[in-house]
Amino acid sequence: MAAPEGEARVRFTPRNDHGVLDHWVTLPSGQTVYIPLRVIANGDGAEVTLGLIRQPQMSDADFARDAEWVLRDLRRLRERLEV
């Protein structure tokens, strides 16, 4: 998958019935970042919650860039799922 730093590898938690889609992203540097992700049923739809955890070495600019990256992906997900 594409990441701000280049190509990254993604590994998801095993398939489950609880809406847990946690994943680990391994960046080109070799660093692995844990990203909690949940899908929670809500009436006829669902709520998606992603935890963006700031890494200790991240600058304010890097964290803001990652937050924008996540927002773009979540907006794209919403666009594809809304009917």
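**View 1. Contacts and overall make-up of the chain.** Of the contacts in the chain with a separation of 6 or more, 12% are between residues 24 or more positions apart; a contact here means heavy atoms within 4.5 Å. This is a predicted model, so to speak of local features we need pLDDT of at least 70, side-chain atom pairs count only at pLDDT 80 or more, and totals for chains, interfaces and linings use all residues. Residues are numbered from 1 along each chain as its sequence is written, and side-chain values use heavy atoms, with hydrogens and water left out. The chain has 1 helix and 7 strands, running β-β-β-β-β-β-β-α along the sequence. Those elements are DSSP runs numbered from the N terminus: helices are H or I with at least four residues, strands E with at least two. Out of 83 residues, 19% are buried, meaning under 20% relative accessible area with a 1.4 Å probe, protein chains only.

**View 2. The largest pocket.** There's about 910 Å³ of space in here. A pocket is an open set of points on a 1 Å grid over the protein atoms alone, where a 1.4 Å probe fits, with protein on both sides within 12 Å along at least five of seven lines; lining residues have an atom within 4 Å of a point. The volume is the space filled by probe spheres set on the points, which are joined across faces, edges and corners. The lining takes in 38 residues, and M1, H23, I35, W69 and V70 sit closest to the centre. Sorted by class, the lining has 25 nonpolar, 6 polar and 7 charged residues; Ala, Val, Leu, Ile, Met, Phe, Trp, Tyr, Cys and Pro count as nonpolar, Asp, Glu, Lys and Arg as charged, and the others, Gly among them, as polar.

**View 3. The second largest pocket.** This one has a volume of about 240 Å³. Look for V39, D44, G45 and R78 among the lining residues. Both β7 and α1 supply at least two residues each, and α1 has the largest share with 6. The lining splits into 7 nonpolar, 1 polar and 4 charged residues.

**View 4. Q55 in its loop.** Zoom in on the loop between β7 and α1 and you'll find Q55. Q55 counts as buried because its relative accessibility is 17%. Its side chain reaches the backbone oxygen of I53 at 3.1 Å. Leaving aside residues up to four places away in sequence, Q55 touches Q31 and V33.

Notes: Buried < 20%, exposed > 50% of the residue type's maximum accessible area, 1.4 Å probe, protein only. Polar contact = N/O pair within 3.5 Å; in protein donor to acceptor, adjacent residues only side chain to side chain.
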